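Hi,

Here is the structure I said I would pass on. Have a look at it, and then read on for what turned up among its side chains.

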Amino acid sequence: MSITQVKAYGTEAKDKDLQEMQIERRDVRPTDIEIDILYCGVCHSDLHTARNDWGGTKYPSVPGHEIIGKITRIGSEVTKFKVGDLAGVGCLVDSCRECESCKKDLEQYCLNGSTGTYNSKDQFLGGHTFGGYSEKVVVDEAFGLLIPENLDLKAVAPLLCAGITTWSPLKHWNVGPGSKVAVVGLGGLGHMAIKLAKGLGAEVTLFSRSPDKIQDALNLGADAVVISTYENEMAAAKGKFDLIIDTVPYDHDINPYITTLNVNGTLVLVGYIGKMDDALFTPSMIMGRRSVAGSVIGGIKETQEMLNFCGEHNILPEIEMINMQDINTAYERMLKSDVRYRFVIDMQSLKG
């Protein structure tokens with residue numbers, strides 16, 4: 001298989017900054033599309049992978065799984081796209097396509113292991129996959145996404161991770177008009193959860209530790225804000241919510257939030273991967289048939305549905321544009337929550 005060398009930004013080790021490097025992309029196969037990357041969102045997962053916070057990072061590591069670009073070449077059997085189309089690539093570039101999960105359009109839960117956009121086994125070139133901090137990407141058309149033309153292109157990229165990560169549980173738990181939804185944490189995920197839940201017709205509340213977030217949350221569409229460190233406000237919220245989307249990316253005590261669920265309510269974790277030091281306090285779960293669950297991104301069909309919904313309702317994340325050369329500074333700012341609410345890289349800065 002012929003290959004092409006392209007510019008990228010990545011790191012050689014967990015304790016090294018990201019810098020310009022060369023990576024390989026495969027030639028277009030019959031069902032492949034080649035995308036010239038215009039914009040790439042910056043996700044907390046990018047930082048965690050680059051720094052091996054979760055273990056298992058393969059180096060050199062080139063992150064980026066919120067990819068927006070224009071198709072420059074297509075394979076002979078491609079039917080979904082044509083050259084010149086806008087296209088997106090999210091967190092997945094392949095799956096087994098045969099297991100029960102894949103047959104149900106749940107490729108993110110592929111029982112044989114889906115192929116991540118970066119840091120997964122590359123079945124075509126060997127080694128591991130490289131992400132969107134690069135000039136181009138080649139993927140099977142089945143894992144490409146159509147981008148609504150009415151949306152502001154530079155702001156679309158974070159929908160492919162932050163958007164679908166919060167959309168999937170909203171749809172799975174049947175959120176709609178009359179639903180009462182709470183969101184824990186106002187960051188890249190949290191602000192999208194508010195916008196999407198509101199777009200679906202729910203009554204939306206933000207849980208925050210900081211009163212400084214109240215006006216931001218209301219501006220984003222939240223109906224109310226509960227300050228989780230105020231006992232009177234937490235007590236007033238008991239038994240209220242049908243669904244809580246917890247977007248906090250670090251270990252924290254979820255027990256106080258469980259008591260604010262209605263009977264049959266669910267708290268779904270989407271932001272933190274790891275061990276929780278505080279054990280679940282089961283009486284509040286048992287006495288209200290309340291559940292704690294987890295969720296990760298969505299399949300290709302569901303992601304396309306989310307993009308179409310955002311196109312119809314003009315829902316987009318709040319972003320700050322950066323150049324590729326500023327990524328290391330952006331990572332440090334992310335750790336300080338110094339972004340409202342998602343960085344997007346102008347990939348022209350890498351090509352220049």
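Let's start with the rings: Phe 207, Phe 241 and Tyr 257 are joined into a cluster by ring pairs. A pair here means rings of Phe, Tyr or Trp (its six-membered ring) with centres within 6.5 Å; planes under 30 degrees apart are stacked, over 60 edge-to-face, and the rest tilted.

Before going further, please keep in mind that this is a predicted model: local features need pLDDT of at least 70, side-chain atom pairs count only at pLDDT 80 or more, and totals for chains, interfaces and linings use all residues. Residues are numbered from 1 along each chain as its sequence is written, and side-chain values use heavy atoms, with hydrogens and water left out.

In total there are 3 aromatic pairs. One of them is Trp 167 with Phe 309, a tilted pair at 4.8 Å centre to centre with 45° between the planes. It bridges distant parts of the chain, 142 residues apart: Trp 167 sits in helix 4 (residues 162–172) and Phe 309 in helix 10 (residues 300–313). (Helices, H or I with at least four residues, and strands, E with at least two, are DSSP runs numbered from the N terminus.) Trp 167 counts as buried because its relative accessibility is 2%, and Phe 309 is buried too, at 11%. The cut-offs are under 20% relative accessible area for buried, over 50% for exposed, and partly exposed in between (1.4 Å probe, protein chains only).

Now the charges. Side chains of opposite charge can pair when their charged atoms come close. The whole structure has 19 salt bridges, each being a side-chain nitrogen of Lys or Arg within 4 Å of a carboxyl oxygen of Asp or Glu.

- Arg 26 bridges to Asp 32, with the closest N and O atoms 2.9 Å apart.
- Asp 36 meets Lys 136 at 3.7 Å, N to O. Asp 36 is in strand 3 (residues 32–41) and Lys 136 in strand 8 (residues 136–140), so this bridge ties together parts 100 residues apart in sequence. Lys 136 is partly exposed, at 24% relative accessibility.
- Glu 66 and Arg 342 form a salt bridge at 2.7 Å, N to O. Glu 66 lies in the loop between helix 1 (44–50) and strand 4 (67–74), and Arg 342 in strand 17 (residues 342–346), 276 residues apart. Both Glu 66 and Arg 342 are buried.

Cheers
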